[in-house]
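These are my notebook entries on one structure. I set down what I looked up, topic by topic.

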Amino acid sequence: MDDYREGALEKERRQRALHRLRLTREKLGARLSLIAPMVYRRRQPLPPFRIRELETADVAPPLSDPPAGWPEIPHHSYWGRASLNFLMKTRVDIPEGWDKRHLALHLPLGVLGDIFNHPEAMVYLGEQPLGSADRYHHSIPLPHDIAGEHVLTLHGWTGLAGWPPDPESRAQLYMGAPALVERCPDTLDFIRLATAVHETATLTDNPNLIAVLDAAFGVLDTRDPLGHLFYASVPGALVTLRGGLMEAGAPLDVTLHGVGHAHMDVAYLWTIDQIRLKNQRTYSNVLRLMDADPGYTFSHSQPALYEMTKRDFPEVYEGIKARVGEGRWEVMGGMWIEPDLNIPGSEA
């Protein structure tokens, strides 16, 4: 090994030891958690939802029914139960002077348990579907031309509780504080990139990435209380982070291709009626993401689900057909329903 290479490795070892001694990575993780709420520059609480229990998982919910007399779900309170079909209603009023390009609904509905145990709901503005609120989608962007007051409706299912699911569970969901929010795009970009850098540095134990992230946070004004000084510092911190990454070391000689996918069990922990509604929620989210990002592509299998969607939600189906025609939605797999690929033996 030549002296230059040996010296570089020794420097890297010293940096790694210093970051461990100072708990740099852990401190940066804590600061990421600190600034996470700052994605929302403005917040206007929504009036509490009113809820109606539905007997079945119907693909045509009674969206026009008035909520007078429905029980109210106060903010920061427990609600619902496992395996509950529901309709929720409130209203959203768009204030004057807010940046309509970055408005969204923040809908923290709660979580019952693991990845299978959480509420999912189709979000409607009036009777226009927007997308799905679920475990991974708490913020639903609003149309850029939105104005005035609108009825907000959620049609969904609370999911299951326990593993394996316990039909006698008394678990309830915890409703946060649903709100209309104005997102700060620079802060969102910084947090997304900083999170990716932090996770990569954690997995690879790369001291250069830790140093880059530490330098970016050095530019960020996180003095208490977080406010206008923080937002004024975000663009500079983002420039520092991006520039530092360019100098952190040579990139790997690989090209990664990311293609969206949704694995959807037709009848596993839920009934076929639930997967029919899941089709609408999942595909509406994908189409919305494709509208927002022209480079986003998606792959999906199971012709049975396409057939259900064609029958249940023809507008969604037409949207899928259009994206397939553009080459951005790949129809994959040749089986009507995905099998269980963990086959125990030849007889199976």
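**Helix packing**

I began with helix 3 (residues 185–204) and helix 5, which pack at an angle of about 40 degrees with their axes 9 Å apart. The model is a predicted one, and I read the entries below with that in mind. Angles between 35 and 65 degrees fall in the oblique class, and helix 3 and helix 5 are therefore oblique to each other. Helix 3 passes helix 5 in a left-handed crossing. I listed the residues that make this contact: helix 3 gives Asp186, Thr187, Asp189, Phe190, Leu193, Ala194 and Val197. Helix 5 gives Phe230, Tyr231, Val234, Pro235, Ala237, Leu238, Leu241, Arg242 and Leu245.

I then turned to helix 4 (residues 207–219) and helix 5 (residues 228–247), whose axes come within 8 Å and cross at roughly 160 degrees. That angle makes helix 4 roughly antiparallel to helix 5, and helix 4 passes helix 5 in a right-handed crossing. On the helix 4 side I noted Leu209, Val212, Leu213, Ala215, Ala216 and Val219 in the contact. On the helix 5 side I noted Ser233, Gly236, Ala237, Thr240, Leu241, Gly244 and Leu245.

**Nonpolar cores**

Which residues touch the most other members of the largest nonpolar core? I found Trp79, Met88, Leu105, Leu107, Val123, Leu142 and Leu154, within a core of 31 residues. At least two residues of this core come from each of strand 2 (49–54), strand 5 (85–93), strand 6 (103–106), strand 7 (120–125), strand 8 (128–133), strand 10 (149–157) and strand 11 (173–175). I also recorded a second, separate core of 30 residues, with Phe190, Ile191, Ala201 and Ala237 among them. In soluble globular proteins, nonpolar side chains tend to be buried together.

I looked up the surroundings of Leu142 in particular. Setting aside neighbours within four places in sequence, Leu142 is in contact with Ile94, Leu103, Ala104, Leu105, Leu125, Leu130 and Leu180.

Is strand 12 enclosed or open, and why? I found five of the five residues of strand 12 (residues 179–183) to be buried, so the strand is largely enclosed by the rest of the structure. Ala179, Val181 and Arg183 point one way from strand 12, Leu180 and Glu182 point the other way, and all are buried. In a regular strand the side chains alternate between the two faces of the sheet.

I checked two pairings of strand 12. Strand 1 (residues 40–45) is joined to strand 12 by five bridges, and the two run antiparallel; Pro45 stands opposite Ala179. Strand 6 also pairs with strand 12 in the antiparallel sense, over four bridges, and here His106 stands opposite Ala179.

I traced an open sheet of six strands in the order 3-2-5-10-7-8, with antiparallel pairing. Strand 3 (72–73) and strand 8 stand at the edges with a single partner strand each, so one side of each is left without a neighbour in the sheet. Within this sheet I looked at strand 7 and strand 10, which run antiparallel and are joined by six bridges. The bridge partner of Leu125 in strand 10 is Leu152. Helix 6 packs on the sheet and touches strand 5, strand 7, strand 8 and strand 10. The direction of helix 6 makes about 60 degrees with that of strand 7.

Is Asn285 buried or exposed? The relative accessible area of Asn285 is 5%; the cut-off for buried is under 20%, so Asn285 counts as buried. Apart from neighbours within four places in sequence, Asn285 is in contact with Gly131, Ser132, Asp134 and His137.

I noted an open sheet of three strands in the order 13-14-15, with parallel pairing. Strand 13 (260–261) and strand 15 (329–331) are its edge strands, each pairing on one side only. Strand 14 (residues 298–300) pairs with strand 15 in the parallel sense over three bridges, and the partner of Phe298 in strand 15 is Trp329.

Last, I examined helix 7 (residues 303–312), where the buried residues are Ala304, Leu305, Tyr306, Met308, Thr309 and Asp312. What covers these buried residues? The cover includes helix 6, strand 14, helix 8 (314–326) and strand 15.

Methods:
Residues numbered from 1 in each chain as written. Predicted model: local features only at pLDDT ≥ 70, side-chain atom pairs only at ≥ 80, totals over all residues. Heavy atoms only, no water. Core = buried A, V, L, I, M, F, W, Y, C linked by side-chain atoms within 4.5 Å. Buried < 20%, exposed > 50% of the residue type's maximum accessible area, 1.4 Å probe, protein only. Contact = heavy atoms within 4.5 Å. Pairing = 2+ DSSP bridges. Axes fitted to C-alpha atoms, helices over the stretch in contact; angles between N-to-C directions. Parallel < 35°, antiparallel > 145°, perpendicular 65-115°, else oblique. Left-handed = near helix turned anticlockwise from the far one by under 90°.
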